[in-house]
Amino acid sequence: MEVKIKIYQMNLEGEIDAAKLAEISRIVGQLIKGEMYGLILNFEAVEHINFAVLPSLVEEKKRLQSFGGDIRLAALSDYLKNIFKTTGVLEAFPVFDTVGQAAKSYGVSVKDVATNLPLGL
């Protein structure tokens, strides 16, 4: 019997702006539709995040939490952590140094985390 992977890792890069947040929102909707409620946002390749989108990111977290899920952040640079902290939203998210640690916080290993959405989502 195949076990459905319930955790999805989204690898972000460059600048996180309103357009990227719209993509994150779309992914959250697809995860809910597919009954995948864990999302790890990997910030390893992110250079900047527009502070204005952070309240919307918190709203996406609340949307996923309403279905019993959560959003975890991984690999935030000190620069990005300061942006989250300055806007007052850092404490809204569990933050991990690595994707592996974030996966472990969900009770799975990093090899059990999907990096591609299943077909149909």
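The buried residues of helix α2 pack against α1 (18–33), β2 (38–49), β3 (70–74) and α3 (78–86). Contact here means heavy atoms within 4.5 Å, and buried means under 20% relative accessible area, exposed over 50%, partly exposed in between (1.4 Å probe, protein chains only). Helices (H or I, at least four residues) and strands (E, at least two) are DSSP runs, numbered from the N terminus.

This is a predicted model: local features need pLDDT of at least 70, side-chain atom pairs count only at pLDDT 80 or more, and totals for chains, interfaces and linings use all residues. Residues are numbered from 1 along each chain as its sequence is written, and side-chain values use heavy atoms, with hydrogens and water left out.

**The sheet**

- The open sheet has 4 strands in the order β1-β2-β3-β4, and their pairing is parallel. Strands pair if DSSP finds at least two bridges between them.
- β1 and β4 (95–96) stand at the edges with a single partner strand each, so one side of each has no neighbour in the sheet.
- Strand β1 (residues 7–16) runs parallel to β2, joined by 9 bridges. I16 has I49 in β2 as its bridge partner.
- β2 and β3 also pair in the parallel sense, over 5 bridges. L39 stands opposite I71 in β3.

**Crossovers**

- β1, α1 and β2 make a right-handed β-α-β unit. The chain then crosses from β2 through α2 to β3, and this β-α-β crossover is right-handed.
- Right-handed means that, with the strands pointing away from the viewer, the path from the first strand over the helix to the second runs clockwise.
- α1 lies across β1, β2 and β3, at about 170° to β1. α2 lies across β2 and β3, at about 135° to β3.
- These angles run from 0 to 180 degrees between N-to-C directions; the axes are lines fitted to C-alpha atoms, for helices over the stretch in contact.

**Helix α2**

- α2 (residues 54–65) has 12 residues and reaches 17 Å from its first C-alpha to its last, close to the 16 Å expected at 1.5 Å a residue. The expected span is 1.5 Å times one less than the number of residues.
- L54, L57, V58, E60, K61 and L64 are buried in α2. They cover an arc of only 155° around the axis, which puts them on the same side of α2. The arc is that of the directions from the helix axis to the C-beta atoms.
- An α-helix has 3.6 residues a turn, so residues three or four places apart point the same way.

**V58, inside α2**

- V58 sits in helix α2. Its relative accessible area is 12%, so V58 is buried.
- Leaving out residues up to four places away in sequence, V58 touches V89, A92 and F93.
- V58 and V89 are 31 residues apart along the chain, yet their C-alpha atoms are separated by 7.3 Å.

**Helix α3**

- L80, I83 and F84 are buried in α3. Their arc around the axis is only 95°, which puts them on the same side of α3.
- The buried residues of α3 pack against β2, α2 and β3.
- Exposed residues D78, K85 and T86 are on the face of α3 turned away from its buried side.
- Just after α3, G88 takes a positive phi of about 80°.
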